[in-house]
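Please look over the protein model shown here before reading the notes on its domains, strands, backbone and charged pairs.

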Amino acid sequence: MIRVAINGILGRMGGELSAAILKDESLALVGGIDTLETFYSDKICVSIDPDEILNEADVAVDFSSPEGAAAIAEACRKRRVPLISGTTGLSEPQQSRLLELAKQVAVVQAFNFSQGINLLINLIQKAAAALQGKFDGEIVEIHHRNKKDSPSGTALLLARALLQGLGAPEEENIRFGRQGFQAERGPEIALHSLRGGSVVGEHQVHFLGSHENIVITHQALSRSIFVEGVLRAVRWIPSQKPGYYTMQEVLGLKT
Ligand code: NAD
């Protein structure tokens, strides 16, 4: 049985993950950490003190805030507990805490835990390399009307993967939309964002050739796709050596 602690347990991801762990007989939820102090339950122990919860844990999972991610990394370092980190928007010093921790225990970090998106990242890297720059790459992403950031972090991950496959990983090759005049198209990848309705999340990667086009699309139908990916990482991490890993290693796409 793998004993799991969740940082940010009272949030949206923390809540969905707790429910999934409680249903799974091969996993045990030892408790959670959160900064909200107004929660009482006889089922789950929630504390503001990571040390109290990590004492019993084989793995910690973090979906909190950038401050929370740095704090749980430090607590895991003290107790040598492997960490799965999903919080986005970390500053450089906060990210360094995770990399420091990875010298002592296994750390899995992903800005998108969906198995489909991680497979897509792998596929488009391979496709870009095989097409040898003879097809133009463009990315379209569609999200519900309430999504605040554009383009999505996942679209950026996909653009970087595409450029990596093309052997041109420079950030200046990423462009946000197209407007005005351009004499000739260069090696850049443009990201196009559509916002409206209730779309959970759709990402389309277009390879546009002279006489043929390829479009690879991923559609997120529910937030549970992140939980399923996290559970794969929870089962994978206990047997890993200290180091920094991504979902590519968890899914066996990169060894
Ligand atoms: P949320 O606001 O619903 O929940 C965050 C929870 O963390 C809240 O309960 C909050 O009280 C708690 N928290 C804040 N600071 C804390 C701290 N210092 N210590 C402990 N707990 C703290 O947010 P959410 O939608 O659950 O997302 C949480 C994070 O996960 C965000 O950064 C989000 O972008 C990211 N996220 C990542 C993925 C992925 O696949 N990587 C998927 C969904 C969300």
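The briefing below goes through the domains and their interface, then strand pairing, then backbone details and salt bridges.

This is a predicted model, in which local features need pLDDT of at least 70 and side-chain atom pairs count only at pLDDT 80 or more, while totals for chains, interfaces and linings use all residues. Residues are numbered from 1 along each chain as its sequence is written, and side-chain values use heavy atoms, with hydrogens and water left out. The protein chain is assigned domain 1 (2–109 + 224–250) and domain 2 (115–220), with bounds that come from an automatic or database domain assignment.

**Domains and their interface**

- The C-alpha centres of domain 1 and domain 2 are 30 Å apart, and the contact between them (heavy atoms within 4.5 Å) takes six residues from domain 1 and six residues from domain 2.
- About 500 Å² is buried between domain 1 and domain 2, and carbon and sulfur atoms give 45% of that area; buried area here is the accessible area (1.4 Å probe) that two parts lose on being put together, summed over both.
- On the side of domain 1, the most area is lost to domain 2 by Ile 225, Met 247 and Gln 248, which together make up 76% of what that side buries.
- Across this interface of domain 1 and domain 2 the rule finds zero salt bridges, a salt bridge being a side-chain nitrogen of Lys or Arg within 4 Å of a carboxyl oxygen of Asp or Glu.
- The rule does find three residue pairs in polar contact across the interface of domain 1 and domain 2, both residues at pLDDT 80 or more; a polar contact is a pair of N or O atoms within 3.5 Å, where within protein one must be able to donate a hydrogen and the other to accept it, and residues adjacent in sequence count only if both atoms are side-chain atoms.
- Helix H7 (224–236) and helix H8 (247–250) are the elements that give two or more residues to the side of domain 1 that touches domain 2, and H7 gives the most, with four residues; helices (H or I, at least four residues) and strands (E, at least two) are DSSP runs, numbered from the N terminus.

**Strand pairing**

- Seven strands make up an open sheet with parallel pairing, in the order S3-S2-S1-S4-S5-S6-S12; two strands pair if DSSP finds at least two bridges between them.
- The edge strands, each pairing on one side only, are strand S3 (46–47) and strand S12 (243–245).
- Strand S1 (residues 2–7) runs parallel to strand S2 (residues 27–33) and is joined to it by six bridges, with Arg 3 standing opposite Ala 28 in S2.
- Strand S9 (residues 189–195) pairs in the parallel sense with strand S7 (residues 136–143) over six bridges, and His 143 has Arg 195 in S9 as its bridge partner.
- S9 also pairs with strand S8 (residues 174–176), in the parallel sense and over three bridges, where Ile 174 has Ile 189 as its bridge partner.

**Backbone details**

- Most residues other than glycine have a negative phi, and most peptide bonds are trans.
- Arg 80 is not a glycine, yet has a positive phi of about 55°, and lies in the loop between helix H3 (66–79) and strand S5 (83–85).
- Ser 150 and Pro 151 are joined by a cis peptide bond with omega of about -10°, and Pro 151 is found in the loop between S7 and helix H6 (153–166).

**Salt bridges**

- The structure holds 15 salt bridges, including one in which the side chains of Asp 58 and Arg 3 meet at 2.9 Å, N to O.
- Asp 58 lies in the loop between helix H2 (50–54) and strand S4 (59–62) and Arg 3 lies in strand S1, so this pair ties together parts that are 55 residues apart in sequence.
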